[in-house]
Amino acid sequence: MNDAEAPQVLALLGLSDSSDSAPGRLRRAAELLLTEFPSLMMVAITRGAHGSLLVTRDEWHKHPGIPVQVADTVGAGDAFTAAMTHYLLRGADLATLNEAGNRWGAWVPRNPAPCPHCPTRCAR
């Protein structure tokens with residue numbers, strides 16, 4: 001989910017955090033979700049140009065994001081999730097998951113179409 005959706009998800013689940021305007025609110029939101037749903041392994045919260053936050057029960061990692069000139073944001077979240085999932089399935093740590101998600105999530109919006117051409121060398 002993204003940073004705007006996190007408080008809405010908590011509210012819909014009846015888990016609203018009264019201190020949600022304080023620093024660390026996104027991390028607390030993720031921790032609340034992990035507590036409420038024991039089978040959940042990780043919560044990923046994207047923060048647009050400000051990167052993302054990944055939280056598990058044992059650790060968390062905040063990525064500052066990668067500055068890009070945005071042409072079209074459609075597909076950026078999907079690219080983030082796909083890259084993160086690719087590395088997660090290979091056993092990567094949170095920092096690697098976050099870096100991969102942010103790199104691909106930043107690459108897509110630089111292009112004017114949601115399905116940009118990927119050169120052969122990046123498709124491997």
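**View 1. His63, a buried residue of strand 3.** With a relative accessible area of 6%, His63 is buried, a word used here for residues under 20% relative accessible area, while exposed stands for over 50% and partly exposed for anything in between, as found with a 1.4 Å probe on protein chains only. His63 belongs to strand 3, which covers residues 60-63; strands (E, at least two residues) and helices (H or I, at least four) are DSSP runs numbered from the N terminus. Leaving aside residues up to four places away in sequence, His63 touches Arg47, His50, Gly51, Ser52, Asn98, Glu99 and Asn102, where contact means heavy atoms within 4.5 Å. The model shown is predicted, with local features needing pLDDT of at least 70 and side-chain atom pairs counting only at pLDDT 80 or more, whereas totals for chains, interfaces and linings use all residues. Residues are numbered from 1 along each chain as its sequence is written, and side-chain values use heavy atoms, with hydrogens and water left out.

**View 2. The salt bridge between Glu99 and Arg103.** A salt bridge is a side-chain nitrogen of Lys or Arg within 4 Å of a carboxyl oxygen of Asp or Glu, and by this rule the count comes to two. In the pair shown here, the closest N and O atoms of Glu99 and Arg103 are 2.6 Å apart. Both residues sit in helix 4 (residues 94-107), and because they are four residues apart, about one helical turn separates Glu99 from Arg103. Glu99 is partly exposed at 28% relative accessible area, whereas Arg103, at 51%, is exposed.

**View 3. The salt bridge between Arg27 and Glu31.** Side chains of opposite charge can pair when their charged atoms come close. Here the closest N and O atoms of Arg27 and Glu31 lie 3.2 Å apart. As the two residues are four apart in helix 2 (residues 25-36), they are separated by about one helical turn. Arg27 is partly exposed, with 32% relative accessibility, and Glu31 is partly exposed too, with a relative accessible area of 33%.

**View 4. The contact between helix 3 and helix 4.** The axes of these two helices come within 7 Å and cross at roughly 145°; axes are lines fitted to C-alpha atoms, for helices over the stretch in contact, and angles run from 0 to 180 degrees between N-to-C directions. Residues of helix 3 that take part include Phe80, Ala83 and Met84, and those of helix 4 include Leu97, Gly101 and Trp104. By class, this contact has ten nonpolar, five polar and no charged residues, where Ala, Val, Leu, Ile, Met, Phe, Trp, Tyr, Cys and Pro count as nonpolar, Asp, Glu, Lys and Arg as charged, and the others, Gly among them, as polar. Among the buried residues of helix 4 are Leu97, Ala100 and Gly105, and what covers the buried residues of this helix includes strand 2 (52-55), strand 3 and helix 3 (76-88).

**View 5. Ala44 in strand 1.** Strand 1 runs over residues 43-46, and within it Ala44 is buried, with a relative accessible area of 18%. Not counting residues up to four places away in sequence, Ala44 touches Met1, Leu53, Leu54, Phe80 and Met84. Ala44 and Thr56 are twelve residues apart along the chain, and their C-alpha atoms are separated by 9.0 Å.
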